[in-house]
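Have the sequence and the model side by side.

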Amino acid sequence: MHSYWTRANTVLTFFGTVAAVLCLLTTGTDLLHKSSPSIKLGLRNVRRLVPSKGRQEQAVISFDLDADLQSIFTWNTKQLFVYVQAEYETPENKVNQVVLWDYIIQKQEKAVIKLDDHKTKYAFIEPGRHLRGRALNLTLVWCVMPRVGRMYSDQFTTAVGALPDAYIR
């Protein structure tokens, strides 16, 4: 005859195994999901481009964003972390990325973003004096945070032209 502790251990191990299998199956359904977000992202205006403290340059830009990210949501999606970043090259670094704006979306109904002439939320500062005349890309990145399984991200990049050659005050 088995003791109560042995029986309790067997029952708990069985339910733990069932929970682990259900988590794996849930994660597997995300691999089959194909999303097709609709995104329009563009640079509206360079409001300021000035030298900053020391050997830095600071830019203040505004951008337009029209994105429908509802197709990214599945029944396993807890939230999306969405951000816009500026990407450019300098002589010292091939890849420079600066986050300009971010947003957390917790419901599928709120996954439609419409921003017109939106000023950046965070400072756009270059540690060297290399912003003037640089080609600039804007990228919308979204990180999917599921209820169960691994986080993953995707992005949409668009070339928006070059920053001005002269300072704008």
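With a relative accessibility of 34%, C23 falls between the limits of 20% and 50% and therefore counts as partly exposed. The model is a predicted one, and the accessibility values given here are computed from it. C143, by contrast, has a relative accessible area of 16%, which is under 20%, so C143 is buried. How many disulfides does a search of the whole structure find? The search returns 0. A disulfide is a covalent bond between the sulfur atoms of two cysteines.

An unreviewed UniProt entry lists residues 12-32 under "transmembrane region".

Aromatic rings give another way into the fold. There are 5 aromatic pairs in the count. One of them joins F14 and F15: the ring centres are 5.4 Å apart and the planes meet at 65°, which is over 60 degrees, so this pair is edge-to-face. F14 and F15 are both exposed. Y88 and F124 also form an aromatic pair, with 5.9 Å from centre to centre and 50° between the planes, and this pair is tilted. Because Y88 belongs to strand 3 (residues 77-88) and F124 to strand 6 (residues 124-126), the pair ties together parts that are 36 residues apart in sequence. Y88 and F124 are both buried. Elsewhere, F63, W101 and Y103 make up one aromatic cluster.

What does L65 touch, leaving aside its neighbours within four places in sequence? Its contacts are I39, K40, L41, V84, W101, I113, K114, L115 and L140.

Two loop residues remain. R134 sits in the loop between strand 6 and strand 7. Its relative accessible area is 26%, so R134 is partly exposed. Not counting residues up to four places away in sequence, R134 touches E89, T90, P91, G161, A162 and L163. With E89 there is also a polar contact, in which the side chain of R134 reaches the backbone oxygen of E89 at 3.5 Å. R134 and I104 are 30 residues apart in sequence, and their C-alpha atoms are 30 Å apart in space.

W75 is found in the loop between strand 2 and strand 3. Is W75 buried or exposed? Its relative accessibility is 59%, which is over 50%, so W75 counts as exposed. Leaving aside neighbours within four places in sequence, W75 is in contact with T26, T29 and R147. W75 and Q108 are 33 residues apart along the chain, with 9.9 Å between their C-alpha atoms.

Notes. Residues numbered from 1 in each chain as written. Predicted model: local features only at pLDDT ≥ 70, side-chain atom pairs only at ≥ 80, totals over all residues. Heavy atoms only, no water. UniProt positions renumbered as here; feature names shortened; annotations may be inferred. Phe/Tyr/Trp six-rings, centres within 6.5 Å; stacked < 30°, edge-to-face > 60°. Buried < 20%, exposed > 50% of the residue type's maximum accessible area, 1.4 Å probe, protein only. Helix = DSSP H or I, 4+ residues; strand = E, 2+ residues; numbered from the N terminus. Contact = heavy atoms within 4.5 Å. Disulfide = S-S within 2.5 Å. Polar contact = N/O pair within 3.5 Å; in protein donor to acceptor, adjacent residues only side chain to side chain.
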